[in-house]
Amino acid sequence: MKERGLLIVLSGPSGVGKGTVRKEIFSQKDTNLYYSISMTTRKPREGEVDGIDYFFKSREEFEDLIERRKLLEWAEYVGNYYGTPIDYVEESLQSGKDVMLEIEVQGALQVREAFPEGLFIFLAPPSLSELKNRIQTRGTETEELINNRMTVAKEELEMMDAYDYVVENDKVELACERIKAIVVAEHCKRERVANRYKQMLEVE
Ligand code: 5GP
C-alpha cells in the first residue's frame with residue numbers, strides 16, 4: 001500500500017504574507033508539493049484565473065457545496081466564503097502526494113479537528129520579535145501604541161497554540177526555506193519511517 005501524503009496547512013494572521021510565501025514556494029522548481037486550489041465567492045482580481053488561483057463560485061453554489069459536505073473546511077472572511085474542496089485533498093493524500101493548503105486561521109482550526117495528523121505551520125509576522133526591541137527602546141513610542149502592539153501580539157501568540165511549527169516571515173525566501181525544511185523533517189519522523197519498515201518486513 002502506498003504511504004499517504006502529508007497534509008500541510010499554512011496559516012497565520014491576516015496580512016502576514018501567506019499568499020506571497022505560498023506563491024514563492026510553488027514557483028520554485030524543486031518543490032514537490034501539490035497546492036489545493038480553494039473555492040471562493042469573492043470576485044476574481046485582475047490577472048486571476050478560474051481553476052488556477054481559485055475556483056470562483058456564486059454564493060448559491062458555495063452554500064450547496066457546504067450542504068453536500070464537499071468542503072474539508074470553510075470560513076467567511078471579509079464578506080466572502082472561502083473553502084477547501086475535500087475530494088482533491090483526499091485523492092491526493094491517498095495517492096501519496098503532499099498537499100498544501102494556504103488558508104486563514106478559522107479554517108485551519110477546522111482542519112485540525114478533521115486531520116489531527118496534518119502538519120500545521122503558523123506564519124508569524126516579524127513584528128513579534130521586533131516587538132521586544134521596540135518596547136525596550138523606551139521614550140520613542142507612546143504608551144498607547146505599545147499597549148496596542150502588545151494586545152495584537154498576544155492575540156497572535158494565542159493563535160499559535162493550535163500549530164506544530166512557527167515560521168517567522170522576516171524574508172519570503174527564508175520563510176520558504178524553513179517551510180521546506182519542516183516538510184523534509186516531517187518525512188523523517190520516526191513514526192512515519194518505522195511504519196514503512198514495518199510494512200516492508202511484513203511483506204518479506
Ligand atoms: P484573498 O482574498 O486575499 O485571496 O484571501 C483572503 C484570505 O483567505 C487569506 O488569508 C487566505 O489565506 C484565505 N483563504 C484562501 N483560501 C482559503 C480557504 O480555502 N479556506 C479558508 N479558510 N481560507 C482561505
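Which backbone oxygen does the side chain of Ser-11 reach at 2.7 Å? The backbone oxygen of Ile-103. I'll come back to that residue after a word on the model.

This is a predicted model, where local features need pLDDT of at least 70, side-chain atom pairs count only at pLDDT 80 or more, and totals for chains, interfaces and linings use all residues. Residues are numbered from 1 along each chain as its sequence is written, and side-chain values use heavy atoms, with hydrogens and water left out.

Back to Ser-11. This residue sits in strand β1, residues 7-11. Helices (H or I, at least four residues) and strands (E, at least two) are DSSP runs, numbered from the N terminus. Ser-11 counts as buried because its relative accessibility is 0%. Buried means under 20% relative accessible area, exposed means over 50%, and partly exposed is in between, using a 1.4 Å probe and protein chains only. Not counting residues up to four places away in sequence, Ser-11 touches a list of residues that includes Lys-18, Ile-103, Glu-104, Phe-122 and Tyr-163. Contact here means heavy atoms within 4.5 Å.

In α3, residues 86-94, the buried residues are Val-89, Ser-92 and Leu-93. Seen down the axis of α3, they fall within an arc of 95°, so they line one face of the helix. The arc is that of the directions from the helix axis to the C-beta atoms. Among the elements covering these residues are β1, β5 (71-77), β6 (80-85) and β7 (99-102). After α3 comes Gly-96, with a positive phi near 90°.

In α4, residues 105-114, the buried residues are Val-105, Gly-107, Ala-108 and Val-111. Down the axis of α4 they fall within an arc of 150°, so they too line one face of their helix. Their cover includes β1, β5, β7, β8 (119-124) and α6 (143-160). The N-terminal end of α4 is capped by Glu-104, which has a side-chain oxygen 3.1 Å from the backbone nitrogen of Gln-106.

Glu-104 comes up again at the ligand. Which residues come nearest to the ligand? Of the 15 residues around the ligand, they are Arg-42, Tyr-54, Tyr-82, Glu-102 and Glu-104. A residue is near a molecule or strand if one of its heavy atoms lies within 4 Å of it. An N or O atom in the side chain of Lys-18 is 3.3 Å from a ligand oxygen. For Gly-83, a backbone N or O atom lies 3.0 Å from a ligand oxygen. For Thr-84, an N or O atom in the side chain is 3.4 Å from a ligand oxygen.

Ring pairs link Tyr-54, Phe-56, Tyr-77 and Tyr-82. Rings of Phe, Tyr and Trp (its six-membered ring) pair if their centres lie within 6.5 Å; planes under 30 degrees apart count as stacked, over 60 as edge-to-face and the rest as tilted.

Last, Lys-70. Its place is the loop between α2 (59-67) and β5. Is Lys-70 buried, exposed or partly exposed? Lys-70 is partly exposed, because its relative accessible area is 30%. The side chains of Lys-70 and Asp-87 are joined by a polar contact of 3.5 Å. A polar contact is a pair of N or O atoms within 3.5 Å; within protein, one must be able to donate a hydrogen and the other to accept it, and residues adjacent in sequence count only if both atoms are side-chain atoms.
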